[in-house]
Amino acid sequence: MVAKMIEIRWHGRGGQGAKTAALLFAQAAMATGKYIQAFPEYGPERMGAPVQAFNRISDDPITIHSGVTNPGYVVILDPTLIETVNVTDGVSKDGKVIVNTSFSADEIAKQLGIDKSQVCVVNASQIAQETIGRNIPNTPMLGALVKVIGNLDIGGVLEDTKSKLSVKFAKKPEVIEGNLSSIKRAYDEVKVS
Amino acid sequence: MIKTIYSKGKLAAKTGNEVMAEAMRQIEPDVVAAYPITPATEIVQIFSQFVADGKVKTEFVAVESEHSAMSATLAATAAGARAMTGTSSQGLCYMWEMLNIAAGLRLPVVLAEVNRAISAPINIHGDQSDTMGARDTGWIQIYSENSQEAYDNMIQAVRIAEAAKLPTLITTDGFIISHCMEVVELYPDEDVKKFVGQYKPDRYLLDVDRPVTLGSIELQDFYFEHRWQLAQAMRDSKKIISEVAEDFEKTFGRKYDFYEKYKLDDAEIAIVVIGSTAGTAKVAVDALREKGVKAGLLKIRVYRPFPAELIAKDLAKIKAFAVLDRADSCSGTFAPLYTDVVAALYAAGVSAPKAINYVYGLGGREISVAHLTQVYDTLSKIASGDAQASTNLEYINVRL
């Protein structure tokens with residue numbers, strides 16, 4: 001395995017935008033000069049059912065086309081999944097788990113059964129509610145992920161996301177602004193142990 | 001840092017389906033007739049949006065089945081139009097009758113095919129059973145490792161098909177490539193259009209000044225000669241495929257061959273494989289090379305026509321190789337690619353290398369670097385004489 005390659009697994013529920021987040025994240029990472037992959041796990045798709053999506057980010061071309069089994073980063077859009085899905089599956093001792101929650105890293109670490117140093121928390125749902133006006137935690141979690149990974153340029157990510165959303169929401173500029181400030185807030189507010 | 005190869009190329013994050021649709025938009029065929037099927041649906045869905053938005057002047061025919069999709073596409077080609085379609089799995093099965101007719105009538109239909117398992121049981125995921133089942137229909141078959149290759153192969157396919165007068169299909173592995181977003185270099189519309197050129201059929205049905213008969217009955221008198229011509233056209237298409245690839249490299253800078261040799265020239269052990277798994281195998285090869293193991297890879301791009309003579313030459317000095325098939329012929333013996341490779345070696349008088357045949361990844365079953373490394377480990381043991389090559393068809397990652 002190429003050492004520099006970052007592998008990410010997104011956990012969400014059908015409709016929460018895990019796939020969209022993975023795609024947006026990949027595009028943003030590409031805009032900062034990285035090779036990328038983004039792919040969802042395809043199964044029966046139902047609103048509310050647990051879903052996963054994946055990213056690979058690397059400075060070198062990515063040729064591997066197997067599943068992501070040992071992610072360096074896990075992003076959990078919906079904290080209720082912790083009770084039903086083995087979200088830490090394949091995560092090593094230096095892997096990070098980023099959770100959308102109002103609880104502390106201590107409490108989440110206990111729930112997950114991993115060390116507190118591996119847990120990052122951010123209240124993405126609240127941020128989304130306050131910036132976008134709806135509980136769509138996927139875009140703020142993108143900001144939190146950029147912060148936790150550390151070597152990605154948040155300015156470049158915001159710029160690229162803005163251009164992508166500008167195409168999609170040309171007639172709703174307030175949606176674009178809300179999403180961008182949600183990313184920025186989660187970037188600032190995520191608690192990295 | 002990501003970079004382009006072609007001076008006017010532009011990088012984009014796209015899935016396999018998106019780039020196949022993008023190639024179709026740039027090619028702008030006269031007619032596209034299609035019926036949706038997972039995981040190929042997006043290709044014609046995105047293309048139909050291009051039609052609706054007026055971005056292409058293509059006549060889009062929303063047909064009621066894949067049988068009709070192929071019928072309408074080949075009929076349009078017979079009439080003198082450039083025509084394309086897209087499908088997968090059961091859709092290709094349903095086209096089966098018309099696939100043979102497109103080839104028999106020597107019509108250069110181009111098909112964007114997404115490899116998916118065959119029912120039953122129902123499964124939407126990637127394996128190559130569908131196109132392997134169609135390997136004897138007289139279609140040129142070109143497989144893609146990733147989205148970039150899918151895009152480049154689509155652009156080349158049009159010229160190959162029209163020069164060879166043979167229908168041509170381009171594949172990606174279902175979901176693994178069709179739905180995976182990757183970095184792809186796209187070329188400007190005008191450059192693609194210039195490369196593809198205008199379709200100028202020699203003979204066509206709507207050429208009223210030079211009437212032609214298509215689809216006549218031929219019994220003991222002429223049928224055999226026409227089928228020989230079809231087989232000969234497939235043999236002759238090798239030269240065309242090479243020439244188009246050379247021109248493609250000259251124009252856009254990316255080199256394509258019948259197959260890719262990855263660290264094969266000095267290799268003692270090798271895997272022969274088709275499609276996205278080749279990319280995963282490259283990771284295994286790199287890791288083994290770091291440990292001093294002389295591992296290599298032969299990735300088939302053009303499966304029909306089969307580049308038998310070249311493969312025999314390149315595998316002759318390998319001590320042990322494994323052929324990995326993502327389709328099982330259920331033949332009682334071996335799987336399709338292995339059968340072709342071994343026949344190629346025997347015909348060329350090559351009998352030194354030991355060989356094993358594995359079937360893997362049916363219905364999208366995971367194939368990881370670890371699985372492939374295990375195959376290389378087995379090959380190392382066979383090469384050093386510590387183990388015998390299995391004489392049976394073997395299976396990877398299946399519960400028996």
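Angles here run from 0 to 180 degrees between N-to-C directions, and axes are lines fitted to C-alpha atoms. This is a predicted model.

One residue to look for is B:A112, whose bridge partner in β7(B) is B:I170.

The loop between β5 (110–115) and α5 (129–133) of chain B holds B:I118. Is B:I118 buried or exposed? A residue is buried if 20 or more other C-beta atoms lie within 10 Å of its own. B:I118 has 20 C-beta neighbours inside 10 Å, so it counts as buried. Leaving aside residues up to four places away in sequence, B:I118 touches B:S89, B:C93, B:S129, B:D130 and B:G133. B:S68, by comparison, is 50 residues from B:I118 in sequence and 20 Å from it in space, C-alpha to C-alpha.

Chain B also has a pair of packed helices, α6 (residues 147–164) and α7 (residues 189–196), with axes 9 Å apart and an angle of about 25 degrees. Angles under 35 degrees count as roughly parallel, so α6(B) is roughly parallel to α7(B). On α6(B) the contact is made by B:I155, B:V158 and B:R159, and on α7(B) by B:V192, B:F195 and B:V196. Five of the residues in this contact are nonpolar, none is polar and one is charged.

The next step is from one chain to the other. How many residues of chain B are in contact with chain A? There are 20, and they meet 19 residues of chain A. On the side of chain B that touches chain A, β8 (181–186) and α9 (277–290) of chain B each supply at least two residues. The largest share, five residues, comes from α9(B). By class, the residues on this side of chain B are 11 nonpolar, six polar and three charged.

Strand pairing also links the chains. Strand β2 of chain A, residues 35–40, is joined to β8(B) by two bridges, and the two strands run antiparallel. Here A:Q37 has B:E182 of β8(B) as its bridge partner. These strands are part of an open sheet of nine strands with mixed pairing, in the order β7(A)-β6(A)-β5(A)-β4(A)-β1(A)-β3(A)-β2(A)-β8(B)-β1(B). At the edges stand β7 (191–192) of chain A and β1 (10–14) of chain B; each has a single partner strand, so one side of each is left without a neighbour in the sheet.

Further along this sheet is β1(A). Six of its eight residues are buried, so β1(A) is largely enclosed by the rest of the structure. Eight bridges join β1(A) to strand β3(A), residues 50–58, and these two run antiparallel; A:I6 has A:I57 as its bridge partner there. Four bridges join β1(A) to β4(A), and this pair runs parallel. In β4(A), A:V75 is the bridge partner of A:W10.

Strand β4(A), residues 73–76, also pairs with β5(A), residues 96–100, in the parallel sense over four bridges. Helix α5(A), residues 138–149, packs on the sheet and touches β1 (6–13), β4, β5, β6 (119–122) and β7 of chain A. The direction of α5(A) makes about 155 degrees with that of β5(A).

The last stop is a helix pair in chain A. The axes of α6(A), residues 154–168, and α7(A), residues 173–189, come within 10 Å and cross at roughly 160 degrees. Angles over 145 degrees count as roughly antiparallel, so α6(A) is roughly antiparallel to α7(A). Their crossing is right-handed. The contact between these two helices has seven nonpolar, three polar and two charged residues.

Conventions: Residues numbered from 1 in each chain as written. Chains lettered and ligands numbered in written order. Predicted model: local features only at pLDDT ≥ 70, side-chain atom pairs only at ≥ 80, totals over all residues. Contact = placed C-beta atoms within 7 Å. Nonpolar A, V, L, I, M, F, W, Y, C, P; charged D, E, K, R; others polar. Pairing = 2+ DSSP bridges. Parallel < 35°, antiparallel > 145°, perpendicular 65-115°, else oblique. Left-handed = near helix turned anticlockwise from the far one by under 90°. Buried ≥ 20, exposed ≤ 12 C-beta atoms within 10 Å, placed from the backbone.
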